[in-house]
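Work through the exercises below with the structure at hand. Each task is followed by a solution in steps.

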Amino acid sequence: MPVPVVPHSEVDVLIIGAGPAGLMCANALANAKVNVRVIDKRAARVAAGQADGLSPRTIEVFQSYGIAERLLKESVQVHQAAFYNPSPSGGIELTSRTQDVVAPSARYPFECALHQGAIQAIFIDSMKPLGVEVEWSTLPTSIEICKDEHVLMDPASHPVRVVLQKLNAPEGQVQEEIVHAKYVVGADGAHSWVRKQFDITMDGEQSDFIWGVMDMVPDTDFPDVRNKCLMHSNNGSILLVPREQDRLRVYVQLENKDIIDPATGRVDKDRMGPDEMLEVARKSFSPYKISPTTGFLWWTLYIIGQRVASQFSVKNRVLIVGDACHTHSPKAGQGMNAGVSDAHNLAWKIALVVRGWADLSLLSTYESERRKFALDLIVFDKMYSTLFSGKPLSQENSHGVAPEHFLKIFKQFGGFTSGIGVHYDPSIATLDKNQELASGLVIGERFPPYKFIRAADAWPFEIQDLLPADFRFKLLVFTGDFSDPLQNARVESMVATMQKPESFLNRYATSSKGAENSRFDIITISKGRKEGFNFLQFPTLLRSHWSKVFIDDIDVTGSFGGKGYSYYGVGDEGAIVVVRPDGYVGAIAPLDHVEDLDAYFTSFMTAAV
């Protein structure tokens, strides 16, 4: 009988792991028309449990890919947080309620809660029409990167060799496949196989805090069951997160002696199940009562580990995202959000390199940007989880956590926990220059929302909806008042400079026609009044289509708008703001010195062949 031949295949990007981070990356690359495959050793997506909270910034990211509408429809919105602390008469009492999201520029001033399987389904259904489906029951068994530097530096090469085993292959069919990939993304979780193959260490420590988590539909007399609740009691701490379909997630702090196997020092699930966890929770809930109406939908136990991978990339050809490169407590709700943001940061960079639009060096900014964020996250998480898990202040415990201090920290770090305040340091992707031209924006942070009026038809638009994740750089040209002769001359001169052959706009122009093949999208934002404004007055470069010109004016009902220049800190002289494909401010330039943008794009872009 002949030995079956092992098939070989080539792919631009192979993603290992179909959790939220892997699926985010796959969906993004599918939208960029990159040849991508995503595999997972599991037989199907998770049915219940796992991560469940999405921050305001993550909702913005979903919106940029056109998938936020379904998320908002299926999830629960969490607008308010309630704080409970020990009562003088025993048990707990409400001490304060506050806005759950305190980041002032959040477009979505709330969190969304939805179980991980439903979030995965949003990505899976988005990718399917683009021809990408998860290959379940598929396991990588070996991976190696070509050692030849010339091959590694060749953008057309496929230097990563991965052997796959198909666990559900019919009898008689070949179970193995050898894939040659340009890039491999390891999105395979906290125990990442990809990370271990390259001996990447996870640096950090394991905390002493052990938590249980359970999902249920509760029967309770607790008045804040539909708010996010942070509870300190003399019996331990509890976090409640309201969920879809009347469900409730309960995090409960547990004692080491109840959970740890003394022989191994590891969590032993046989020592405590959900019924025992519920009894622990009830002690902290007193005087309120809680019981599951239909049993436990999902539960688990864990020790908080706070670690960051020593590197996120191997030769810029194998890159890891999500829990594969950072682990932390779920108390601040950062796990899935951090993983999704990793993938969002990485996908556009891979897409541009695969298209031949950017140099391989752009991929180095993935690790420099996201690893710094992960390290900052661990510092915050250590402080926050210690406060959350700590004993409350009392007469017996003078060093305990004071309610007002915990509330202050909750509010103080709202920008970080919401994802809104994430900041990327200067690099080839972030030019730290001319910040004073738009003092309300921050170079290296996401472009904040505001509504402008479309000049042609007075239709108000949220500017973030003009910045979709379509892998183009958006050039927001704040022209100032074009009717002013001095400003008119300044704008005309800028346009003339940008139309020179050596300008970045022409140097990096693509030969193919059509919006999806263009690297740049120019959006004009002028001062002016809608009643007498003529958008046709602008040079053609600034109005490639009638829909590309906006004015900073109040809407026709007089309800909003008209202060965008002031909000972004842009003066009468105007400015050009470069927004990266991931929605972050990459560069700012004065209208009379667009050469700054030549330098910015030359640092990582490659000319069209």
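Contact here means that heavy atoms lie within 4.5 Å. The model is predicted.

**Exercise 1.** Locate Gly 440, state whether Gly 440 is buried, partly exposed or exposed, and list what Gly 440 touches.

Solution. 
- Step 1: Gly 440 sits in the loop that runs between helix H12 (414-417) and strand E20 (451-454).
- Step 2: Buried means under 20% relative accessible area and exposed means over 50%, with partly exposed in between. The relative accessibility of Gly 440 is 37%, so Gly 440 counts as partly exposed.
- Step 3: Leaving out residues up to four places away in sequence, Gly 440 touches Tyr 567, Tyr 568 and Gly 569.

**Exercise 2.** Find the strand order of the open sheet of three strands, and explain why E3 and E4 stand at the edges.

Solution. 
- Step 1: The order is E3-E7-E4, and the pairing is antiparallel.
- Step 2: Strand E3 (53-54) and strand E4 (76-78) each have a single partner strand, so one side of each has no neighbour in the sheet.
- Step 3: Three bridges join E4 to strand E7 (residues 111-113) in the antiparallel sense. Val 78 lies opposite Glu 111 in E7.

**Exercise 3.** Describe the second largest cavity and its lining.

Solution. 
- Step 1: The whole structure holds three cavities of 30 Å³ or more.
- Step 2: H9 gives the largest share of the lining, five residues.
- Step 3: Sorted by class, the lining has six nonpolar, eight polar and three charged residues.

Key:
Residues numbered from 1 in each chain as written. Predicted model: local features only at pLDDT ≥ 70, side-chain atom pairs only at ≥ 80, totals over all residues. Heavy atoms only, no water. Pairing = 2+ DSSP bridges. Helix = DSSP H or I, 4+ residues; strand = E, 2+ residues; numbered from the N terminus. Buried < 20%, exposed > 50% of the residue type's maximum accessible area, 1.4 Å probe, protein only. 1 Å grid on protein atoms, 1.4 Å probe; cavity = no way out; pocket = protein on both sides within 12 Å on 5 of 7 lines; lining within 4 Å. Points joined across faces, edges and corners; volume = space filled by probe spheres on them. Nonpolar A, V, L, I, M, F, W, Y, C, P; charged D, E, K, R; others polar.
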